[in-house]
Every structure is written in structure tokens, then in C-alpha cells.
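Subject: Structure handover and notes

Dear colleague,

Please read them with the model open beside you.

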Protein chains: 2
Amino acid sequence: MIADLPFTLAALRQAYASGLRPEQVVEEAFRRLDATGDPGILIYTARDEALAAAGELGAYDGRPLWGIPYIAKDNIDVMGMPTTAACPDFAYDALSDAFVVAQLRAAGAICLGKANLDQFATGLVGVRSPYPVPLNAIDPAIVPGGSSSGSAVAVAHGIASFSLGTDTAGSGRVPAALNSIVGLKPTLGTLSATGVVPACRTLDTVSIFALNVSDAWDVFDVAAQFDAADAYSRNFVKKGGLSKTLPLRVAVPDARTLETFDDDIQRDHFHGDVAKLAALGCEITEIDFTPFYDVASMLYQGAWLAERVAAVGSRLTEKPETLHPTTRAILEPGLDLTAVDAFNGFYRLKALQRQCENALAGIDAICVPTIPHFVTVDDIASDPIGPNSRLGTYTNFVNLLDMCGIAVPTGPRKDGRPGSLTILAGKGEDAKVASLAALLEAGDVGATGWTRDKIRYSEPVIGEDEIGLVVCG
Amino acid sequence: MIADLPFTLAALRQAYASGLRPEQVVEEAFRRLDATGDPGILIYTARDEALAAAGELGAYDGRPLWGIPYIAKDNIDVMGMPTTAACPDFAYDALSDAFVVAQLRAAGAICLGKANLDQFATGLVGVRSPYPVPLNAIDPAIVPGGSSSGSAVAVAHGIASFSLGTDTAGSGRVPAALNSIVGLKPTLGTLSATGVVPACRTLDTVSIFALNVSDAWDVFDVAAQFDAADAYSRNFVKKGGLSKTLPLRVAVPDARTLETFDDDIQRDHFHGDVAKLAALGCEITEIDFTPFYDVASMLYQGAWLAERVAAVGSRLTEKPETLHPTTRAILEPGLDLTAVDAFNGFYRLKALQRQCENALAGIDAICVPTIPHFVTVDDIASDPIGPNSRLGTYTNFVNLLDMCGIAVPTGPRKDGRPGSLTILAGKGEDAKVASLAALLEAGDVGATGWTRDKIRYSEPVIGEDEIGLVVCG
């Protein structure tokens, strides 16, 4: 029964090997979308395009994402589809694929549509959109998370195998935590920004949501190609893939600076996750997290707000009524920032970066809760900004410090809400953080009820479970 | 006769080994200073301090700069001396040494005083100072060059063995060219900025003037230490020293984009220098220099002007009368730049950086004339800004592209004026550019009439000349 088929890469590859057709998968994907009854997930539904693409795939040919259905956040161009960035007045028809989308297309992936988002990718809640707001896949009382709201919810429902988000402040991690899925935030410049609507150009990256770390990694491996046309693209030599070589020295916020806004369940759950890290053989070092919070606070209170203003151009002054009221309220102070303010911000960041570097001397990776606590739709209705800011506690500093990271579910908290932690490390260490995160992912696979797949290591591993997977992968 | 003693490191080390006392050298240095009859070279004359420091050195102890007299640009703190940045109202008494000065002191060097400069290191001409303007050491009709005017002139007269400058736009290279000496501009962050008055903080570096490349390198080797207190300090692993391993593929501006402002003598001289490079075995590649000029133009016409405004703080708005009129006129437009302007500037720079990288694919180093033509004191009297900008043609882009470089004299031009070229390469390649430049330096040693020393390679070399030097060094 295709209705029971997990859309994980392992399951789909096996099904395709057994004769399943991509057209059937596309039909099933849209059946699942319809079954959610949620009109807020996609801004553009590409049923016809997806069926056509599925038909054109022909026979299975071993490409790494052959027949894999995915969804793109609607600030990423997919040829022939509109791009809105959740601002109808901004909408245009994409004449070509974003560089990353082109990589996915070449690898055989099928785009099902364009996902809702916080307008111009500004927000972590997922409710700052003029379109119907997507519902959290686990619990509709909780915000879906943003800005990549629809991307995360679609994967959590098992509609798509993966989705593309973008992540500047945490938009690729916070919604992953809130929907019990994986959110891989690559090193800045690893995934090209060509064809992506900027939010904060020096700090933006495309990100990947998936049902498990191995799937996210396979997508990353396809998407991470140098793009000479993107001045911010960086030509990292890929440092391997998922491996059993673990970062052993892991820093965590100390008791005084671990912030959960009085959510003791979140605190306890995190301590449980850290205990698992220790059980894996990691040496845990508690550090004062103050400089990281100081960096985080600069993202919306400092120079970088002006980047968001630059990204929307004259819209903020000439057509402010076309902006979501909250987005407009956030951006407007950016108009008053001077270039001197900007440089003073950079100096302060540089000094804080040094403090953070010092705090991390001898450390391989950082482990934090992905979110400090949960935020409900009602919380945001009464205060659209404060709870949003709190959600960025463990994400806002990451791109400012040029780190990479991955958020993974770690099983339900005591109250049943999804647990999630994030592993972070310096630029280029994407494989390291993913390898460690893969050992920690646990619990619900989004809202699907599916069983969690075994890790697929990039190097073949001798063992009964892995042999079959190596053959499939 | 000490009056005939060259103050090169080799000559001084040999003289010290034969019993000369540092006090004698200090006395001779000030005799030479007095003999110039130029009151504009130093803002602060540290005769007493220098004699005391010489006395405290005791017996020769082998430290690399033992007894070597030098001068610091007056935007660099020397403990117990005033720092003015050529703005009397800004003056303060330095309570401690700049980090670089502390390294020199620890290595045995003796500071003779603080040198005149273009106010707040803004300028390439050396005449933007409220103090008497230093005269060019070779030809007083020509500007001394700036902003490190006094530093360069003092070395060109043989008063000091070396001097410290700073270099943001070319202040460590242009005055070297105009006074027939060596100007080493390190990779950004290699020499600490602690205790240095900022001009444009993200693009500033301390620089070194010396009588020959080997001397500049020895000073660089002492001064280049990581400073944890300077957030912009970078911990480069030193890539060797002066060596005979040459960069073989050298780019030069093509005929169409080689800019000499109709100075055909300069053009011919440069072609002669390039012919020498080819004779050394370098493979010369002519490149379109347009993107480098485009980068150069951003330094004073873009976001970075705001850094200079940030550096002078409230002075520009609250005490503008304390600024040199030209400095003030240059800085004021920076007040109107917004943070959005700044980010748009960074985006444009990033795109240009990529163009420059592409132009340099497969290239080891760039060779350019240090200056495109000569500027006279009269030229500046009639137009204080235009001729200054032209002097930055081959220097303004260098720090914006995170390159290192070294300017060396290459012998007199056909008309007798000093020839100079600059070798440039990417960050951290300081040893590479110095090694190549050492093979090209030629002609007059400043205004001294001294003979040029042999190159001191960092690796001992079998040969009659070098053996003695290795023993001394």
C-alpha cells in the first residue's frame, strides 16, 4: 500500500527498485497534502509540473535523488513557477532554476511546489504571511515555526522526502524542532544563493529539511556545489560524509547560562540529551554562553537589520502597505541606521567573535537545545515580536559566527512535545556535526508515525543492516 | 667614521660586533636628522628617551634588533611619548606601547621619535598635516608621499634603519616609491593594531619602511606576532622567510589598462622592470586590470569612508575646526552614508572580488608600478584631492582584496626620478612577495648614496657573502 510507504530515501529507493513509478509517488504526495486539510502549507501547488517531471524520468537510472519528491521554500526560484517570498506584490515567474534547484533536478528530484514562509524570510514563527498560516504538523496550538514554515510542515507530514528552506537567523532549524524533523543548516556559501531571494545577504544560506540525518546528508551532498556566479559561494573541499569518527569534546551552556525561559521540562530534556552525548564517549565542557547570546542579539538590533532593508529595496519606503505589518514594523528601524553604525556593529561583532573563539578553544562542537521553549499561536497573537525573538536564542548567533549546524529530534519530552537539539561547529565541519547528530536523532519522525531508518554511513561499514543500504544507496 | 656608517641592519650589526655603542648610533641619528634641516619629519623627537634606551641595552646580546634605531609613525603608541595622529587636539600621552612597538622594544630596537603623517592617516601625499610638511628626501619638489610621510623620509635619509608606518590605502607603499626605499605592507591582521589609532579599522595594517628588503623582513619577522587582544589579529602560521623559491606566474596590467596618466617614462620604466622579472624566469601574464581599479575606487567613494568617520568619532561633527581642511572635506560625505549603502557596497565588493579572483586563476603574484606617476607639491597646492587619488591607483585595492605586498626601488627612471614596483599576492604570502621583490630591488638606497646590501636568505645559503651574514644575524 503506497499510502503506508515512508517517503524516506531508503524506503523510496527500495520501492523504486521494486517497480514503483515516480508518478505514483507524486499522486500519493498530493493525496497526503490534501489529507492534511491545511491550505497554508504551499503557496504554489505544482501537481501538473511534478507529474510531468516524474514521467520524464523514464526508467530508474541510479541518480542519487531519482524520483525523490521535494518542496522548495517560496523564496527559491523553480523554473516555470512563481516566486512570491510570501509577498504577493513581489511575485514573479521564475525564468530559470535557482542553482541549488538545478542540482536537485539534475539528480532526479521532483519539485511538488513552493512552500509558505514568513514574508521575506523574516521571522522564526511561521505566522507572518498574508497567505493562510500553515499549522504545526504535531500540535496546531504551537506555531509551525519559521521562516521556512511550509517547508518543515510538509516534510513532517511525510508529503515530501525533503524540502529546501533558507536559514539566516534559524529559519532552517527552529521549524525542524517544532515539527520533529531534521534541519541541516550548511556552512554559509556551501549552497549557492543564485536564484534565492535575499533576506540578509551576508548571512543567508539555503537549508535542508528531511526526515532523518542520512536523507538530509544525501540531499546536501547533491546540492553543495560551488557556483562561480554567486560571489558568496565558497569552494569548500568536502570533508567526507557521515562517519563514525566523532567530535569528542562538546561544549554545552553551563547551568547559569542555559536559557529555557523557565521551561523546566525543556531543561531536563536537554540534560538527558547531553547525558546521551556523554554516553557516546563525548567529553562535555560547560561554557559560559553569554558571548554567544551577545552575538545573537546583534542580528535584529544591529547593523544587519539594514541588510534586510536592502533586500526589500524601495518597497519599505514606497509601497509599505504591501508588507506584512509585523515585517514592516521590524524593518523600519533599519532605515535609520548609518554606515557608521554598521561599522561599529562589525567591530563589536569581531570582538565578540574573539570571545567566542576563546570560549571554544579545544572544543570540537557545541550542543544546544534547538529552541529554548515552545511558543503557541496565541502567544504570537498577543505579542508578535517577543516570543519570536526568544525562539532565536540558540540559532541567531550561528551565521554571525560562521558556524554550521544541524537540528535533530531527540524524542518526546516528558509532556509529549518534540525534543530537539542542535549540534554546531565551525565553517566547513558540516559532515562532523551531521555525523554526531545522526547518533542522537530519536523519537517521532515528524507527524508520520514511521520507524526511524538506520544511519547510512558514507564509507561502507561491515554489518548486516548496512550492507543492504549500501546496495540501495 | 660613524658619519659614513650605513644604518642598514647588516652594517650596524657588524659595527656593533666591532665595539660600536648604541649611544653613538643614536647621537649620529640625531646629527643626521639635524643635517636635513627639515623640521617636518618628526612630530616628537625622543633624543633623551633614545639615549636612555641605548644605555640600558648593555652589552650586545644577539637580539635580532639590538641597538637598531627606528621611528614610529605618530598614530602608533610608544610608551611615554605623545600620540597625535597629526591632530594636536587629539594628542594624548601613551601609557603603554602599541603591541608592535613592544615586540620591537623586546627585540632591542630603539625608538628615535614619532613621525609626521597625513592627519588620521588619511591621504597619500604627506602634506595634509598641521605640522611643517616633511620634504621628499630625493627631490623637494615632489610630495613626500603619505600618509606615512615622516616615516619614509627619515629612512630615506638614513636617520633610522627602519620605521613603522600604517597602510590602508597605500600609506606604506606610496611614500616608499617617492623616496626610493622599501615599503612592506603585511597581510591584514599580521601586525597587531593594539595601540594604533584606527583610520579604517577593517582595512588598516601597520607597515614597515626599510632601506632594503632583507631589513624589512627581519623587522617583520620580529613584529608579526599574534595578539589575542586585537580582534582583527590573525594567527597566520609564518610561511618561511626570504627564499630563492620564486613565484613563477606573475600577472601585470595589460597595455590597455596600464595606467600612468600619460607619463611615458613611468610606463617604459615599468616595462623594463617586467623584462627583469621575465629574465628571472617568471612567466608574465597580462591581465585586464579594470576590476582592480573598480575595487580601488570603492575605498573613498563607498562604504569604507564611514569607517574613517567612525575612527574620528564625534570630532567631525562637534569639533570640525580641529581637523585639517582637506581631511574634513574628505570625511564629511561619510556622515550621509546609510547602513544600507554600506551593505550594498559590500555586495559590490564581493562581486568584484570574485572577478579579481577569476582574473588571477593560476597566478602566483601581481606586479604593478607602485605609483602611476609623480605628483609635485605644487600639484597638490592647486588641487588637494585629485592628484592624491591618482597616487592610489595601484595601492587602493590591495587591502580590500586582502592581499599583501611590498614596494621596492628599481633604480632611477630615464629622468632620474626613483623607479619603484610593487609585488602583490594573496593573504599570508608575505614571504613570497618579499622574496621576489628582493631580486628586483636596485638603484639608490633612499637619499643616502649607500651601496645596496646583499639579500639575506632565511635559509642558510652556501656562498662566501652569506656565511658572514648568517653568523651576524
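What follows describes the contact between the two chains and then one residue in it.

This is a predicted model, in which local features need pLDDT of at least 70 and side-chain atom pairs count only at pLDDT 80 or more, while totals for chains, interfaces and linings use all residues. Residues are numbered from 1 along each chain as its sequence is written, chains are lettered from A and ligands numbered from 1 in the order in which they are written, and side-chain values use heavy atoms, with hydrogens and water left out.

The contact (heavy atoms within 4.5 Å) takes 27 residues from chain B and 27 residues from chain A. The buried area (accessible area, 1.4 Å probe, that two parts lose on being put together, summed over both) is about 2,300 Å², and carbon and sulfur atoms give 68% of it. In chain B, B:Phe343, B:Tyr347 and B:Arg354 lose the most area to chain A, together 30% of what that side buries.

Between the chains there are zero salt bridges, a salt bridge being a side-chain nitrogen of Lys or Arg within 4 Å of a carboxyl oxygen of Asp or Glu.

On the side of chain A, A:Tyr232 is buried, with a relative accessible area of 16% (buried means under 20%, with a 1.4 Å probe and protein chains only). Not counting residues up to four places away in sequence, A:Tyr232 touches A:Gly189, A:Arg201 and A:Thr202 as well as B:Phe346, B:Tyr347 and B:Lys350.

Best regards

Definitions and conventions. Buried means under 20% relative accessible area, exposed over 50%, partly exposed in between (1.4 Å probe, protein chains only).
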